[in-house]
Amino acid sequence: MQKLLVLPLLVLLSVACSDSSQDQYQQASEKFDQEDYEGAITLLDEVISKDDQHAEAYFTRGSSKFNLNDFEGALNDYSRAVTLSGDNIDAELYFFRGAANVQLDNVPDAIRDFTMAVTTMPDYADAFYARGKAWMSIDNLDSALVDFARSLEINPNLDGPDFALGSYYSGLPDYERAVFHYSRAIAISPRPEYFFNRGIMHYLENDFSNALSDFDSTLQVDDQFVDAYILRGSVRDEAGNPAEALLDFDAAIKLDPENGSAYFNRGITRKSQGDLKGACEDFNQALSLGYMEAIAKTGDCPS
């Protein structure tokens, strides 16, 4: 879940509060904007201890807790803000409470919150998209498709719905449909994970040319993407380019020396090239890092 880095402008019930409490709240909001969530919480605790009717303080504290992965605490604060807001509640408060419910796997509650968000704000594209993902998590594809379509109707520049559909179809597996939706997401926003996931689909279809192209694109956007090096190395090895494959595995290991998959795959390539000693070193290293698939490859290694 993406961090809640910017607080929305909520239309909450105005409350009478002292100047000192309001000053503290403004300081807490500044700390939130600076991503000092613990500092924000400390100040907001003081604000709420002086004024337990301060809806904005509960909301901001909830968002701070959310960004610290305290989703239960976030949910409690959001719910308190909802109660205090009465008839003046803002759609975004429902949305963020729904996001907390998603993190806690409270899918029915999340769907209710997102529904309240779109009821309050009928053109809330992100809420339709979030509800679509929630529907998809409980395999209600029909409802998800309706919500994704509505979100795109409101905001054609949303890339999330197509990425979610690509991920859904990749799990069926329906690689052709997955590629179609990943491609649409890429057309809107060329993110590295979109290229990477589409590359996996091409790889599973034995379409090595397009797989390599997508892994190349992934690394052009993000040259720290370890898994892209590993999969590009595997494709290069299977396509008959072991020397280039080894370079990719080396790059992955340099970026992440604790990645068992990188050692395992490098071991496979080394073994295919007759380097049994180097392969065994890699398989044993992969095992030491908990990559248990390497057990099957150590049979020819000296004990």
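In which helix does S151 lie? S151 lies in helix α8, where helices are DSSP runs of H or I with at least four residues, strands are runs of E with at least two, and both are numbered from the N terminus. This is a predicted model, in which local features need pLDDT of at least 70 and side-chain atom pairs count only at pLDDT 80 or more, while totals for chains, interfaces and linings use all residues. Residues are numbered from 1 along each chain as its sequence is written, and side-chain values use heavy atoms, with hydrogens and water left out.

- S151 has 0% relative accessibility and so counts as buried (buried means under 20% relative accessible area, exposed over 50%, partly exposed in between, with a 1.4 Å probe and protein chains only).
- Leaving aside residues up to four places away in sequence, S151 touches A125, F128, Y129, L158 and P161 (contact means heavy atoms within 4.5 Å).
- The axes of α7 and α8 come within 8 Å and cross at roughly 165° (axes are lines fitted to C-alpha atoms, for helices over the stretch in contact, and angles run from 0 to 180 degrees between N-to-C directions).
- The two helices α7 and α8 are therefore roughly antiparallel (angles over 145 degrees count as roughly antiparallel, under 35 as roughly parallel, 65 to 115 as roughly perpendicular and the rest as oblique).
- The crossing of α7 with α8 is left-handed (the near helix is turned anticlockwise from the far one by less than a right angle; clockwise would be right-handed).
- From α7, the residues A125, F128, Y129, R131, G132, K133, W135 and M136 meet L141, S143, A144, D147, F148, R150, S151 and I154 of α8.
- The residues of this contact of α7 with α8 divide into nine nonpolar, three polar and four charged (Ala, Val, Leu, Ile, Met, Phe, Trp, Tyr, Cys and Pro count as nonpolar, Asp, Glu, Lys and Arg as charged, and the others, Gly among them, as polar).

**The pair α13 and α14**

- Helix α13 (residues 226-238) and helix α14 (residues 242-255) have axes that come within 8 Å and cross at roughly 165°.
- That makes α13 roughly antiparallel to α14.
- The crossing of α13 and α14 is left-handed.
- The contact of α13 with α14 holds nine nonpolar, two polar and five charged residues.

**Aromatic rings**

- The count comes to 16 aromatic pairs (rings of Phe, Tyr and Trp, the last by its six-membered ring, pair if their centres lie within 6.5 Å; planes under 30 degrees apart count as stacked, over 60 as edge-to-face and the rest as tilted).
- The ring centres of Y129 and F148 are 5.9 Å apart and the planes stand at 45°, so the pair is tilted.
- Y129 lies in helix α7 (residues 125-137) and F148 in helix α8 (residues 141-154), so the pair ties together parts that are 19 residues apart in sequence.
- Y129 is buried at 16% relative accessibility, and F148 is buried at 2%.
- The rings of Y168 and Y169 have centres 5.3 Å apart and planes at 75°, so this pair is edge-to-face.
- One aromatic cluster is formed by F59, Y78, F95, F96, F114 and Y124.

**Loops**

- The peptide bond from L172 to P173 is cis, with omega near -5°, and P173 is found in the loop between α9 (160-170) and α10 (175-188).
- D105, in the loop between α5 (91-103) and α6 (107-120), has a positive phi near 65°.
- N206, in the loop between α11 (192-204) and α12 (208-221), has a positive phi near 60°.
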